[in-house]
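My entries follow the structure.

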Amino acid sequence: MIIDMKKLESNVDAVAKITKEDGGCSMMLVTKALCADRNVCKMLAEHPQVDFLADSRVANIKKYYDLVAANGKQSVLLRLPMMSEIQDLVKYVDISQNSEMVTIKAIAEEAKKQGKVHRIILMVDLGDLREGMFFENEEAILDAAAEIEAMEGVELFGMGTNLTCYGAIIPKNDNLSVLCDIAGKVEARIGRSLEVISGGNSSSIYLIWKEDMPEKISNLRLGESFLLGNDTAYGETVPGTVHDAILIEAQIIELKEKPSLPIGEVGKDAFGNVPEYEDRGVIKRAILGIGKQDVDIDGLTPLDEQIDILGGSSDHMILDVTGCDREYKVGDTVKFRPEYGALLKAATSEYVEKEYI
């Protein structure tokens, strides 16, 4: 994995201009896709426009909580806390997203033991059907907010929602306005303003440059938009960003001319699938030293547009390089631009080394 720190920082600058200058929102940058890589997190923690560092794993936040504190930022847990991790949650994390009162009460008790006040973002499900109190149960949401407000050990920091990640529901002015309306009623109920109304992730940022973001939305949680330059609602390029701040590179370990069709009866492959093949005749096949254990092969795009990815196994990727102008040889490397899933898997693999340029 090749991480261009200058390009990545430039992408942060670009999303900050949109989110903060144009949209008037605070910005949580999500570190999970790189498994809280220390070098990247240091850059984010020191960046003057970044308000929060967020991750879905307490274990990841533990890696950089010192950087967060040293630079006057706050850390945010995005996945709802497990009961088994509440002690570490309170110790290492400033803010967490929650939807279950039993969990919030347990957090409050642990925070009192540790002499802390833990901040809560109460999540509302607007129809994507992942986490959150369902938006139609408005009275239950208002009651929960009032109960949190009355607790010792926790503070109701804000309201939030998540869209696109599970149900693929696109953030729009109309569904985010439902969150804003509920948040307004919560503020009336508790008698004060909430610090954040978090309107989603990289699928919501397009609403700012389309000038269609509800005014009350005051925060976005952004990962793919600064890592890969993608708006995840419609697949547009986030203005001012580049798509090649992070690349995946692998080395050719075999290069031979072979038939394009396997010979013999076709059964299941190593992953239990029955593959289908296209007859291209005899082709020049390059095998790379990376496979499905390391990366989502379907989520890679070769920088050399003349390369065709044929598939792979656990430890190998097979390419058709027959039509390439470049004369590849064993030992050469091939670079790919990853989609989000491929990036996440490659960052998680201990076999994929990171190089910073």
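These are my notes on what I looked up in this predicted model.

**Entry 1: two helices**

I began with helix H1, residues 5–22, and helix H2, residues 38–46. I looked up how they pack. Their axes lie 11 Å apart, at an angle of about 40°. That makes H1 oblique to H2. I also noted that the crossing of H1 and H2 is right-handed.

Next I asked which residues make the contact. From H1 I listed Met 5, Leu 8, Glu 9 and Val 12. From H2 I listed Asn 39, Val 40, Met 43 and Leu 44. Sorted by class, the contact of H1 with H2 has 6 nonpolar, 1 polar and 1 charged residues.

**Entry 2: Val 12**

I then picked Val 12, which is found in helix H1. Is Val 12 buried or exposed? Its relative accessible area is 0%, so I wrote down buried, which requires a value under 20%.

I looked up what touches Val 12, leaving aside its neighbours within four places in sequence. The contacts are Leu 29, Met 43, Leu 44, His 47, Val 50 and Phe 226. Phe 226 is 214 residues away from Val 12 along the chain, yet their C-alpha atoms are separated by 5.4 Å.

**Entry 3: strand E12**

I turned to strand E12, residues 282–288. In E12, 5 of the 7 residues are buried, so the strand is largely enclosed by the rest of the structure.

Which strands pair with E12? Strand E11, residues 246–259, pairs with E12 in the antiparallel sense over 7 bridges. There I found Ile 252 opposite Leu 288 of E12. Strand E15, residues 317–320, also runs antiparallel to E12, joined by 4 bridges. Here Ala 286 has Leu 319 in E15 as its bridge partner.

Technical notes: Residues numbered from 1 in each chain as written. Predicted model: local features only at pLDDT ≥ 70, side-chain atom pairs only at ≥ 80, totals over all residues. Heavy atoms only, no water. Axes fitted to C-alpha atoms, helices over the stretch in contact; angles between N-to-C directions. Parallel < 35°, antiparallel > 145°, perpendicular 65-115°, else oblique. Left-handed = near helix turned anticlockwise from the far one by under 90°. Contact = heavy atoms within 4.5 Å. Nonpolar A, V, L, I, M, F, W, Y, C, P; charged D, E, K, R; others polar. Buried < 20%, exposed > 50% of the residue type's maximum accessible area, 1.4 Å probe, protein only. Pairing = 2+ DSSP bridges.
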